[in-house]
Amino acid sequence: MEQTIVVIGSGAGGLPAATAIAEKGYQVILIERGPAVGPSQSKINQYNFETASLPWPTAESEWSGSHALQRALGLGGSTLRYQAVTHTLSVAVLEKWGLNVRSINKTIQTTKDFLKIAGHKTPHHALNSLSTRLLESAHRLGWKASAVEAAILSKPHEGRPACNKCGMCVFGCLPNDKTTTANSWLVRAKKTGRLKILTNTQVLKLNLKDSKTVESLDIIRNERPEKIKADAVVVSAGALETPFLLKNSKQTFAPDGIGNKNVGRYLADTRVQNHFVIGDKMIEDAHAGIPIDLVVKEFESEGILLYQGRNLGGIVGPVSLAKLYSVHEGPERTLTWMKNNYKRIGIIASMMESGGNRNDIVDTRKKRFSITTKEGDSQNEVATKMLLKKWTKAAGFKSLWDEVTHHSSLSGAMLRGACRIGNNEKIHSVDPNGKLYGYNNIFVSDASILNQGLIAHPSFILQVLGYHIGQSLGATLRA
Ligand SMILES: Cc1cc2nc3c(=O)[nH]c(=O)nc-3n(C[C@H](O)[C@H](O)[C@H](O)COP(=O)(O)OP(=O)(O)OC[C@H]3O[C@@H](n4cnc5c(N)ncnc54)[C@H](O)[C@@H]3O)c2cc1C
């Protein structure tokens, strides 16, 4: 009889794993808590898109923590909402994670080919004049800077158009040019004929038949509890939900829940510092383009990436910008100010990785998470503030609102860690093939496996690792 593998969650880590497993000949049941959301459900063609609610239930308030959580629940997971910036890892980081560098680098190339990443073999997205000026000034400073690689089509592909530069990716992409796991991996997985999808279905518990082997899952589907059998399980519920699900699967064979003592620890995120800049009247098209379009990698080895992006700092259109502005100037001047200035604003930002130490935890008893600051964070922030100011000056822009621009926050969108990958069971939760240490047939493939060393933008490397975990699952099960 064919074996059935259950994959929990359809985001960046889950769907590539499900695809690889189905392509290997296994039956796959993909369980997704959220609904199937098509591009037509996006509201960005309505005049009030900016104030309308997002097209999927956010369920963000379920979690409380040191900062607000940002995610999406639905077929495609948080890729429905992300800004599609594509970042890869250096050889040194891959080695530190115990991964086979040659094999992962090969998967990086084939995944970029498959997703038609703009800037890989198809052109980068053209920069508008504000970004061009920032790029040129970064080069004048002697910095390594370039247009970002992005999972947003720059050429039409399989019935999907090239990007129209509206920049509204976080509301869901109406034209369907932004690549999500739903319009890429899901299409491919369905072609195998071995994928069954259960949407609006939540997994509540993994059930063990002995201390090392899962045999079934408790789920809630159409508001009714059910039990389904599984020969193996890939947990891809996201950086917070995965440790929550494992640790709340308490039972005779696992009185403290499933997983070793590292599950739920070493949570990390990206620290973002935004800096608003304003150009002269000549920069008419400053609002148009992909959400984040420019990266400076000069300081990557020091743990800092600099970006330009009009959606950074939560600015997704004139209303959100004006809301922030009115805090300082009073609402009466807001409309005039919006008309005069919206098109001249740019946002440059620095991104750094947070500590990810043992005390950065997912509290699985009460859906809380906490991230501490590490020694040197404030010095780093001062250093990056200087870099952002230097960049602004070199481009001939002015800084806006010093008190706002210098705020620094954790992103809440790029949470990771808590089930870290690596070849040392003492400090890691899953082995380099994603198998949970101490268990025969439980795998993890989502942002929770990411170890330290990734400054920002985890989604691409998650898809690479998801595909790798899915591909090696058969051999790992037999070993
Ligand atoms: C606004 C925003 C912008 C971003 N921009 C970028 C970017 O530009 N570049 C980048 O690389 N990354 C970006 N990210 C981050 C990126 O989207 C995430 O890191 C990535 O999608 C995480 O993948 P995941 O598989 O861990 O989790 P998710 O993609 O969140 O998938 C988890 C899935 O599991 C489902 N699930 C959870 N619990 C259960 C359960 N018990 N039963 C069944 N299903 C369950 C959820 O519904 C969800 O669909 C952004 C994120 C946000 C929110």
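This is a predicted model: local features need pLDDT of at least 70, side-chain atom pairs count only at pLDDT 80 or more; totals for chains, interfaces and linings use all residues.

Reader: Is the crossing of H3 and H11 left-handed or right-handed?

Author: The crossing of H3 and H11 is right-handed. Residues are numbered from 1 along each chain as its sequence is written.

Reader: Why are H3 and H11 called roughly perpendicular to each other?

Author: The axes of H3 (residues 101-115) and H11 (residues 459-478) cross at roughly 115° and come within 9 Å. Roughly perpendicular covers 65 to 115 degrees (under 35 is roughly parallel, over 145 roughly antiparallel, the rest oblique), so H3 and H11 get that name.

Reader: Which residues of H3 and H11 make the contact?

Author: H3 brings Ile-104, Thr-107, Ile-108 and Thr-111, while H11 brings Gln-463, Val-464, Tyr-467 and His-468. Contact here requires C-beta atoms, placed from the backbone, within 7 Å.

Reader: Over how many bridges do S6 and S7 pair, and in which sense?

Author: S6 (residues 201-210) and S7 (residues 213-221) pair over 8 bridges in the antiparallel sense. Pairing takes at least two bridges found by DSSP, so the 8 bridges of S6 and S7 qualify. Leu-208, for one, has Val-214 in S7 as its bridge partner.

Reader: What sits between S7 and S8 in their hairpin?

Author: There are 2 residues between those strands, and Asn-222 in that hairpin takes a positive phi near 50°.

Note on methods
Helices (H or I, at least four residues) and strands (E, at least two) are DSSP runs, numbered from the N terminus. Axes are lines fitted to C-alpha atoms, for helices over the stretch in contact, and angles run from 0 to 180 degrees between N-to-C directions. A crossing is left-handed if the near helix is turned anticlockwise from the far one by less than a right angle, and right-handed if clockwise. Two residues are in contact if their C-beta atoms, placed from the backbone, lie within 7 Å.
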